[in-house]
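Let's take a slow walk through this one together. Have the structure open, and we'll stop at a few places along the way.

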Amino acid sequence: MSVLAVRGLSKSFGGVRAVSDVSFAVAPGEMLALIGPNGAGKSTLFNMVGGQLPPDGGSVLLGGDAITGLGPRAIARRGVGRTFQVTATFGSMTVRENVQMAILAHHGEVWRFWRPAAERHRAAADALLAQVGLAAQADRATGVLAYGDLKRLELAIALGNAPRLLLMDEPTAGMAPAERVGLMHLTRHLATERGLAVLFTEHDMDVVFDVSDRILVLDRGALIAEGDGPAIRADPAVRRVYLGT
Ligand code: ADP
Ligand code: MG
């Protein structure tokens with residue numbers, strides 16, 4: 001069964017149809033890339049799946065259950081994780097503490113006096129940090145991390161919520177090419193290992209073709225193509241609107 005199924009999803013802003021009757025599904029362990037030019041509707045689609053925006057029409061199913069129109073917290077509780085920008089992390093806290101907080105939040109534990117509770121999740125936090133290659137940075141303040149390491153921390157924080165679906169909207173923005181490839185290979189590895197479904201956007205087509213199982217192409221709100229790397233590369237409509245050839 002699919003982790004996520006989107007059916008006929010639509011959203012307009014004023015007269016602009018940002019997302020128009022889009023349907024697709026994501027399987028467990030699958031890396032699904034969503035590509036398309038700027039303004040194609042990618043972020044709008046992410047925001048409807050994550051609960052940040054209510055759709056005008058259509059439905060969103062998670063493991064077969066409708067989550068359409070639920071808010072971000074309710075959707076996160078049902079197992080949808082999202083990577084957030086660096087600024088969302090707490091810079092003066094250590095790397096480990098940031099992950100401990102994410103695990104605490106997942107368990108719905110007390111926030112005000114979080115330190116004693118967080119200690120119970122120290123080993124779990126360290127295990128996640130090891131998986132994203134940040135074990136050696138666990139005791140450092142988050143604010144001093146290199147940009148690429150912050151991106152890995154964002155991933156560990158998202159995984160702290162034990163998601164079955166992970167939404168990554170431009171996760172590699174601002175990273176050097178080699179780091180981009182590294183982060184997405186790591187994500188690919190985690191998806192396979194955990195059976196985690198990943199829906200992501202990425203501008204670097206080499207990275208998209210390298211790490212995705214399947215690719216969706218959006219243009220002006222509509223899904224114009226869907227397939228694996230070779231199929232998408234060869235698709236005339238995609239070449240016209242997106243690859244510019
Ligand atoms: P992408 O992420 O693919 O670049 P977006 O989903 O951000 O595309 O935007 C799709 C379209 O919807 C664009 O025309 C954009 O200007 C418009 N749009 C997105 N968010 C809003 C908003 N909050 N209010 C008005 N228009 C918006
Ligand atoms: Mg966007």
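Predicted model: local features only at pLDDT ≥ 70, side-chain atom pairs only at ≥ 80, totals over all residues.

Our first stop is helix α3, which covers residues 95–106. From its first C-alpha to its last, this 12-residue helix reaches 17 Å, close to the 16 Å you'd expect at 1.5 Å a residue.

A residue counts as buried here if 20 or more other C-beta atoms lie within 10 Å of its own. If you want to pick them out, they are V95, R96, E97, N98, V99, Q100, M101, A102, I103 and L104. And what does the covering of these buried residues? It includes three other helices: α4 (114–119), α5 (122–131) and α6 (147–159).

Let's zoom in on α6. The axes of α3 and α6 sit 8 Å apart, and the two helices pack at an angle of about 25 degrees. Angles under 35 degrees count as roughly parallel, so α3 is roughly parallel to α6. Their crossing is right-handed. Which residues actually meet? On the α3 side you'll find V95, N98, V99 and A102, and on the α6 side L153, A156 and I157. Sorted by class, this contact has six nonpolar residues, one polar residue and no charged ones.

Next, follow the chain just past the end of α3. There, G108 takes a positive phi of about 65 degrees. Keep that in mind for the last two stops, along with a general rule: most residues other than glycine have a negative phi.

So where do non-glycine residues with a positive phi turn up? One of them is D21, with a phi of about 50 degrees. You'll find D21 in strand β2, residues 16–26. Is D21 buried or partly exposed? It has 14 C-beta neighbours inside 10 Å, so D21 counts as partly exposed.

The other stop is A162, a residue other than glycine whose phi is also positive, near 45 degrees. A162 lies in the loop that runs between α6 and β7 (165–168). With 15 other C-beta atoms within 10 Å, A162 is partly exposed.

Methods:
Residues numbered from 1 in each chain as written. Chains lettered and ligands numbered in written order. Helix = DSSP H or I, 4+ residues; strand = E, 2+ residues; numbered from the N terminus. Expected span 1.5 Å × (residues − 1). Buried ≥ 20, exposed ≤ 12 C-beta atoms within 10 Å, placed from the backbone. Contact = placed C-beta atoms within 7 Å. Axes fitted to C-alpha atoms, helices over the stretch in contact; angles between N-to-C directions. Parallel < 35°, antiparallel > 145°, perpendicular 65-115°, else oblique. Left-handed = near helix turned anticlockwise from the far one by under 90°. Nonpolar A, V, L, I, M, F, W, Y, C, P; charged D, E, K, R; others polar.
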